[in-house]
Amino acid sequence: MLQISFKFLLAIVSLCTLCSANAQEPETIYLWKKGAPGFEKLKDKPESAQDWWVRDINNPSIVVFKPAKESANGTAILIAPGGGHRNLVFNSEGRDAALFLNKLGITAFVLKYRLARQEGSPYSLDIHPQQDAYRAMRTIRSRAKEFGIDPNKIGFMGFSAGGEVVASVAYAKGDGDAKAKDPVDRANGKPNFQILVYPGPLWVPTSIDADAPPAFMVAAMDDACCAKPIVDLAQLYYAAKIPAEIHLYAKGDHAFNMGYRTPLKSLRSWPDRLADWLEDSQLIPPSKTSIAK
């Protein structure tokens with residue numbers, strides 16, 4: 001009996017080892033090999049992280065979260081966490097979002113962009129977050145084949161200040177420089193669609209062109225900061241006749257993240273509304289549950 005138990009235990013250990021070996025750890029890709037232009041000397045300064053935040057982003061990067069191979073569908077989403085340009089809420093507004101998207105078969109990339117409002121920061125709010133966002137979009141699109149994604153199905157998702165980073169590139173042309181020595185800089189940096197989660201007010205346009213990316217937007221009406229940007233954008237999208245889906249919840253205030261910790265039942269399921277929109281927009285295939293219905 002003791003021998004059987006030992007064999008059983010050994011099998012469990014072996015299985016766990018195999019699972020661990022097959023598990024894919026997120027990969028970090030730095031946006032510039034030699035560091036951000038003009039700040040190359042800072043690239044080796046370490047980041048700092050504690051609990052919910054990451055700071056001291058001096059070597060901007062994307063962290064790659066891949067879905068299971070059997071469920072990957074070719075759609076990709078770059079995620080910009082919030083944090084008021086002082087912190088990055090990496091876990092709740094980066095990793096958690098990426099893992100949710102992975103379940104939908106989407107390849108997710110979490111952007112670590114430079115924080116212009118962190119105390120002592122050498123970065124400019126109106127230059128460097130946008131520069132990092134463009135470079136991240138171009139990196140993803142230029143390496144689409146490597147990542148197994150469709151270069152015409154790359155979205156940009158932003159929470160709070162991250163929503164401002166999305167807006168800084170979503171409404172511009174985004175064309176790459178065809179003559180650039182670096183092939184990454186030749187790629188287009190404009191997202192094909194965008195997801196705005198209680199986005200901040202910076203860079204919200206007063207008008208939009210016909211090529212503005214289709215949008216999914218969500219916020220709470222009692223969010224003093226970030227309900228109005230969505231209301232303003234909804235009017236612009238309506239006038240321009242560009243597809244947009246807007247969810248304004250009665251309560252929830254700011255920073256309800258992916259809804260995992262809110263006591264409000266409606267907000268706990270908002271990511272399901274995002275999944276519905278992605279499916280209805282033909283960005284992901286119909287789910288088995290949708291087919292069953």
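Helices are DSSP runs of H or I at least four residues long, and they are numbered from the N terminus. The structure shown in these views is a predicted model.

**Figure 1. Overview of the protein chain.** The chain contains nine helices and ten strands. Of its 293 residues, 48% count as buried. Where contacts link residues at least 6 apart in sequence, 72% of these contacts join residues at least 24 apart. The chain exposes about 15,100 Å², of which carbon and sulfur atoms supply 55%.

**Figure 2. Close-up of the largest nonpolar core.** This core has 80 residues. Ile79, Phe156, Met157, Trp270 and Leu278 are the members with the most contacts inside the core. In soluble globular proteins, nonpolar side chains tend to be buried together.

**Figure 3. Close-up of the surroundings of Trp270.** Trp270 is among the residues with the most contacts inside the largest nonpolar core. When neighbours within four places in sequence are left aside, the contacts of Trp270 include the residues Met157, Phe159, Val197, Phe216 and Val218. Tyr249, Phe256, Asn257, Met258 and Gly259 are also in contact with Trp270.

**Figure 4. Close-up of helix α6, residues 228-240.** Helix α6 has 13 residues and spans 18 Å from its first C-alpha to its last, close to the 18 Å expected at 1.5 Å a residue. Its buried residues are Pro229, Ile230, Leu233, Leu236 and Tyr237. Viewed down the helix axis, these buried residues fall within an arc of 125°, so they line one face of α6. An α-helix has 3.6 residues a turn, so residues three or four places apart point the same way. Lys228, Gln235, Tyr238 and Ala239 are exposed residues on the face of α6 turned away from its buried side.

**Figure 5. Close-up of the packing of α6 and of the residue that follows.** Lys241, which follows α6, has a positive phi, near 60°.

**Figure 6. Close-up of the disulfide between Cys225 and Cys226.** The structure holds one disulfide. The bond joins Cys225 to Cys226, with an S to S distance of 2.2 Å. Cys225 has a relative accessibility of 38% and therefore counts as partly exposed. Cys226, by contrast, has a relative accessible area of 0% and is therefore buried.

Note on methods:
Residues numbered from 1 in each chain as written. Predicted model: local features only at pLDDT ≥ 70, side-chain atom pairs only at ≥ 80, totals over all residues. Heavy atoms only, no water. Core = buried A, V, L, I, M, F, W, Y, C linked by side-chain atoms within 4.5 Å. Buried < 20%, exposed > 50% of the residue type's maximum accessible area, 1.4 Å probe, protein only. Contact = heavy atoms within 4.5 Å. Helix = DSSP H or I, 4+ residues; strand = E, 2+ residues; numbered from the N terminus. Expected span 1.5 Å × (residues − 1). Arc of directions from axis to C-beta. Areas by Shrake-Rupley, 256 points an atom, 1.4 Å probe, with all protein chains shown as cover. Disulfide = S-S within 2.5 Å.
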